[in-house]
Amino acid sequence: MWIELPLEAVMIQLASGVNKFSLLAIPFFVLAGAIMAEGGMSRRLVAFAGVLVGFIRGGLSLVNILASTFFGAISGSSVADTASVGSVLIPEMERKGYPRAFATAVTVSGSVQAILIPPSHNAVIYSLAAGGTVSIASLFMAGVVPGLLLGLTLAIMCLFIAKKRNYPKGDPIPLRQALKIVGEAMWGLLTIVIILGGILSGVFTATESAAIAVVYAFFVTMFIYRDYKWSELPKLMHRTVKTVTIVMILIGFAAAFGYLMTLMQIPTKVTAAFTTVSDNRYVILALINVMLLALGTLMDMAPLILILTPILLPVVAALGIDPVHFGMIMMVNLGIGLITPPVGTVLFVGSAVAKLPIGVVTKATMPFFVALFTVLLLVTYIPGLSLWLPRALGL
């Protein structure tokens, strides 16, 4: 109204903002993740992680991190990761002698991997917010090394804390039982191979891979594992539609908001403001990190990506920073925001699953911020961590 733009123009931008083929990846990945989480796949992936690292001192905390790596590579959602892995492992860790608050802290910290490791919903949203100039496939591949680096850093932190506090060792699993667990988990792990293998081989696009993931998850859950009742599917679909509706409304209004900002030349003014402070890319990146970390504590991840990407992308482009690299910087920053009060979505989910107050979980999570900030600095100032794999694959 201030710039005398007809409201019809805003509504046209809102509608066109959600009228994009690439956005179909979001409802399909959300549905695939929901089917896998409730259909017993998460429980089998946790058991598989236990076979690999459960026998070490503090092994169950490592199982938690590794299970998040596996499940993140299937669901692409930190909230789904925390809810599914947490509901299995938090009670189990407490039963084996770990404090419930520590178990919850490991779960919420490990779930940040799901934002980076493909197939990440937020990578799809970033690609959209960047105006489609950054391919989803290149963002998926860019997240592999930072995601695994985050998992490794958190695992080292868990080992250090376990030794310091003398947390228990796990029991080695007998070979026959281990082989059975591995066999059952392979159906879930094949999802990763199908999604990434199909995209990299060019058999299907990143968007099409989401639909294929749904079909595969449904087949494995209903015909191989057979833990899920057919009568419960309508409720699962209803929950998925509610989640997707929220995301799509955000995307639509963010598209209209971005259109208005362009008309009012906000990105140009922000770029000028940043370059006035300094023309050093490292200083600018440090300032952007501080801003993203602060905003991440106050707002959820998806709206921040949609609102800030059109503003900040011209700033980093003027400094010669690759938009794929900047996407990973943004993901890590806002991922940390998901487990930081007062508006840490994943923190609230972890607190609800563990039935613990937010303050208790936040205090227990503090040591893990050392690992998270270390990875943030490495991803920010070593572009090769994000760009090596996409370039090696010719993306």
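Phe 219 and Phe 223 sit four residues apart, about one turn of the helix, both in helix H12 (residues 206–225). Helices here (H or I, at least four residues) are DSSP runs numbered from the N terminus. The model is predicted: local features need pLDDT of at least 70, side-chain atom pairs count only at pLDDT 80 or more, and totals for chains, interfaces and linings use all residues. Residues are numbered from 1 along each chain as its sequence is written, and side-chain values use heavy atoms, with hydrogens and water left out.

**Aromatic rings**

- A search of the whole structure gives 12 aromatic pairs, where rings of Phe, Tyr and Trp (its six-membered ring) pair if their centres lie within 6.5 Å.
- One of these pairs is Phe 219 with Phe 223, which is tilted, at 5.9 Å centre to centre and 35 degrees between the planes; planes under 30 degrees apart count as stacked, over 60 as edge-to-face and the rest as tilted.
- Phe 219 is partly exposed at a relative accessible area of 41%, and Phe 223 is partly exposed at 45% (buried is under 20% relative accessible area, exposed over 50%, partly exposed in between, with a 1.4 Å probe and protein chains only).
- Tyr 98, Phe 102, Tyr 167 and Phe 368 are linked into a cluster by ring pairs.
- Arg 44 lies over the face of Tyr 225, 3.8 Å from the ring centre; the criterion is NZ of Lys or CZ of Arg within 6 Å of the ring centre and within 35 degrees of the ring normal.

**Packing of H13 and H16**

- Helix H13 (residues 233–263) packs on helix H16 (residues 301–318) at an angle of about 20 degrees, with the axes 9 Å apart; axes are lines fitted to C-alpha atoms over the stretch in contact, and angles run from 0 to 180 degrees between N-to-C directions.
- H13 is therefore roughly parallel to H16, a term for angles under 35 degrees.
- Residues of H13 that meet H16 include Leu 250, Ile 251 and Phe 257, and their partners in H16 include Leu 306, Ile 307 and Pro 310 (contact means heavy atoms within 4.5 Å).

**Two buried residues**

- Ile 115, in helix H7 (residues 113–116), is buried at a relative accessible area of 2%.
- Among the residues that Ile 115 touches, not counting those up to four places away in sequence, are Ser 78, Asn 122, Met 301 and Leu 338.
- Ile 115 and Gly 76 lie 39 residues apart in sequence and 6.3 Å apart in space, C-alpha to C-alpha.
- Ser 61, in helix H4 (residues 59–75), is buried at 1% relative accessibility.
- With residues up to four places away in sequence left out, Ser 61 touches Met 93, Tyr 98, Phe 102, Val 106 and Cys 158; of these, Tyr 98 and Phe 102 belong to the ring cluster.

Note on methods
Parallel < 35°, antiparallel > 145°, perpendicular 65-115°, else oblique.
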